[in-house]
Amino acid sequence: MIPAAIYARFSTELQSERSIADQIALCADFAAREGLTVVARYDDAARSGGSTLGRDGLQALMADAREGRFDIVIVEALDRLSRDMEDLAGLHKRLTFAGIEIRAVHEGRVDTMLVGLRGLIGQLYREDNAHKIRRGMAGRVGDGLFAGGLTYGYRPVPGEKGRRTIVDAEAAIVRRVFAEFAGGRSPRDIAARLNAEGVAPPRGSRWNASTINGSAARGNGILRNPVYAGRIVWNRVRMIRDPDTGRRLSRVNPPEAWREVAAPELAIVDAALFARVQAMKAGRAARRPERQRRPKHILSGLLRCAGCGGGLSVYGADRSGRRRLRCTRQAESGTCPAPATFYLDSVERAVLAGLGAELRHPEAIAEFVREYHAERKRLAAGAGARRASLERAEAQAAREVARLVAAIAQGQGDPALLGPAATEAEARRKALAAEIETLAAAAPVVTLHPAVLDRYAGLVARLDKALGRALADGEAEAAEALRELVESVTVAPDPEMPGGLYIEVTGRLNALLGAEAFPNGVRGTMVAEDGFEPPTRGL
């Protein structure tokens, strides 16, 4: 009996699970008529045929096909495998390479011509179906209904597809957001207050400034969505699937493709307030970039909060003019579990003190890198030699199997002797192949050219010289050199030393060399009575 596998799929969650059972039953009857033995069944429920990615059943089938578990794949129709021309051709190509035939209940044996025809028909059907769905959405919007999806402040009306009704509690939050922004409060402050009061956000676990701000091009967010003023705007974006990852991504459509209709019954804020808010946001966006930009400091973009991993940014100064740092996540949403405020100059001094050992000994880092690569090359050479030896042995076993099989087929020699010899050779080949599979590939060695090491030492010397001068005088040069060497700086209050800072510096060489990229260890504490401030309420 010839071993066969059955594959079944249906597209959307609107279809019944019974569809899978029906397909398998149909394919099983076909197998019985064809004299095939079903040894495996695979299925994907509610999975689109537009991509092979994310279909666990299909991936399992292809993996078992490579292992030679069956000789035939049975499907109800070819579009169950895929409705994409490229994917269907690729599946056929790989199964054919593995010596596996595809048979479809409604089409019989599958060849290249049938794959081409069915692939084209399947893709045209899928694209035509998408056009029909969009046409239906456009008609729904024209009737003042939602085309799909949920929007904060509204809920669907049962039994009336596309119709929405206002949720009073959420509408009150929307009005509050508009009123507070129009009154001068920033989206960050609004988000922090909502989180502090435990107000449930539209999605996720917390409010963020981006939840309130949204995107002008996409018309989303609380402040930019025209539906809150009684206008439904549809087709601002389109969804496309990335052919490499299978993920659906949104792309902004040109304004002429948008569809807008009035829906005054859905208005939550009056048109005048909505227009005022849009004018305020447009005015802020129109400010000259150089006036929006805050002054850079040498650690700008490198600082991280130890409490939550978010960034630290300058947000103001005290009465003496000393600039302060705060967690951006705390500022955005008020949700940092261990918020603290630090003085920028104290953090800078702590970082420079920690880097001092490295700055005085740049040659130690260069030597460490050389020794590291020498050892990595030695290990890689050994692993590579072993793998090459196994691959040669496997190729030799494969040639022996082919020679013996050919001899049996041509009647040369005694099959009773050649058969067991071929079986033994094939077992040896499989064992070698399995060992190659389990043998980890030689880790790639990223070789640093001597000129790179010289440049690194030069950067350290340049940074040391720049930092030796007053920070204000050498800030630009110091910041540029520092970014060549440092990946991030994590800052936290030292729990064992009141008034102290805990600083941990991660260098860019850590990505290659691990935790010991800085051999002298740039991490530790600094005592500074005014090094940080306790958490500030209401941030």
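These are my notebook entries on one predicted model.

**Entry 1: overall picture**

I started with the whole protein. The model is predicted, so I treat each value below as computed from it. I counted secondary structure and got 16 helices and 19 strands. The protein has 539 residues, and 38% of them count as buried. I then looked up the accessible surface. It comes to about 29,600 Å². Carbon and sulfur atoms hold 53% of that surface.

**Entry 2: aromatic pairs**

How many aromatic pairs does a search of the whole structure find? It finds five. I looked at Tyr-154 and Tyr-228, which form a stacked pair. Their ring centres are 6.0 Å apart, and 15 degrees separate the planes. This pair links distant parts of the chain, 74 residues apart. Tyr-154 sits in strand β6 (residues 154-156). Tyr-228 sits in the loop between α7 and β8 (231-234).

Tyr-154 has 5% relative accessibility, so it counts as buried. The cut-off for buried is under 20%. Tyr-228 is buried too, with a relative accessible area of 2%.

Then I turned to Phe-178 and Phe-274. Is this pair stacked or tilted? Their ring centres are 5.9 Å apart and their planes stand at 35 degrees, so the pair is tilted. Planes must be under 30 degrees apart to count as stacked. Phe-178 lies in helix α5 and Phe-274 in helix α8 (residues 271-285), so the pair ties together parts 96 residues apart in sequence. Both of these Phe residues are buried.

I also asked how the residues group. Tyr-154, Phe-178, Tyr-228 and Phe-274 form one aromatic cluster.

One more ring went into the notes. Arg-322 lies over the face of Tyr-343. The distance to the ring centre is 3.9 Å.

**Entry 3: salt bridges**

Side chains of opposite charge can pair when their charged atoms come close. I searched the whole structure for salt bridges and found 14.

I began at Glu-101. Its side chain meets that of Arg-103 in a salt bridge, 2.4 Å from N to O. Glu-101 also meets Arg-109 in a salt bridge, at 2.9 Å from N to O. Glu-101 counts as partly exposed because its relative accessibility is 25%. Arg-103 counts as buried, at 6%. Arg-109 counts as exposed, at 54%. Which residues are linked in a network of salt bridges here? They are Glu-34, Glu-101, Arg-103 and Arg-109.

Next I looked at Arg-428 and Glu-400. Their side chains meet in a salt bridge of 2.7 Å, N to O. The pair links distant parts of the chain, 28 residues apart. Arg-428 is in helix α13 (residues 415-438), and Glu-400 is in helix α12. Arg-428 is partly exposed, with a relative accessible area of 36%. Glu-400 is partly exposed as well, at 24%.

**Entry 4: helix α12, Arg-403**

I stayed with helix α12, which spans residues 362-409 and holds Arg-403. Is Arg-403 buried or exposed? Its relative accessibility is 54%, so it counts as exposed. The cut-off for exposed is over 50%. I then took the C-alpha distance from Arg-403 to Leu-418. The two are 9.9 Å apart in space and 15 residues apart in sequence.

**Entry 5: helix α6**

Which residues of helix α6 (residues 187-196) are buried? I listed Pro-187, Ile-190, Ala-191, Ala-192, Leu-194 and Asn-195. I then looked for what covers them. The cover includes α5 (168-182), α7 (209-213) and α10 (328-333). Just after α6 I noted Gly-198, which takes a positive phi of about 75 degrees.

**Entry 6: a nonpolar patch**

Met-85, Leu-120 and Leu-124 make a nonpolar patch of about 260 Å². I located Leu-120 in helix α4 (residues 112-142). Leu-120 is partly exposed, with a relative accessible area of 40%.

Notes:
Residues are numbered from 1 along each chain as its sequence is written. This is a predicted model: local features need pLDDT of at least 70, side-chain atom pairs count only at pLDDT 80 or more; totals for chains, interfaces and linings use all residues. Side-chain values use heavy atoms; hydrogens and water are left out. Helices (H or I, at least four residues) and strands (E, at least two) are DSSP runs, numbered from the N terminus. Buried means under 20% relative accessible area, exposed over 50%, partly exposed in between (1.4 Å probe, protein chains only). Contact means heavy atoms within 4.5 Å. Patches are made of residues with over 30% relative accessible area and no salt bridge: like charges are joined within 9 Å, nonpolar side chains (Val, Leu, Ile, Met, Phe, Trp, Tyr) within 5 Å. Accessible areas come from the Shrake-Rupley method with a 1.4 Å probe; for residues, only the protein chains shown count as cover. A salt bridge is a side-chain nitrogen of Lys or Arg within 4 Å of a carboxyl oxygen of Asp or Glu. Rings of Phe, Tyr and Trp (its six-membered ring) pair if their centres lie within 6.5 Å; planes under 30 degrees apart count as stacked, over 60 as edge-to-face and the rest as tilted. A charge sits over a ring if NZ of Lys or CZ of Arg is within 6 Å of the ring centre and within 35 degrees of the ring normal.
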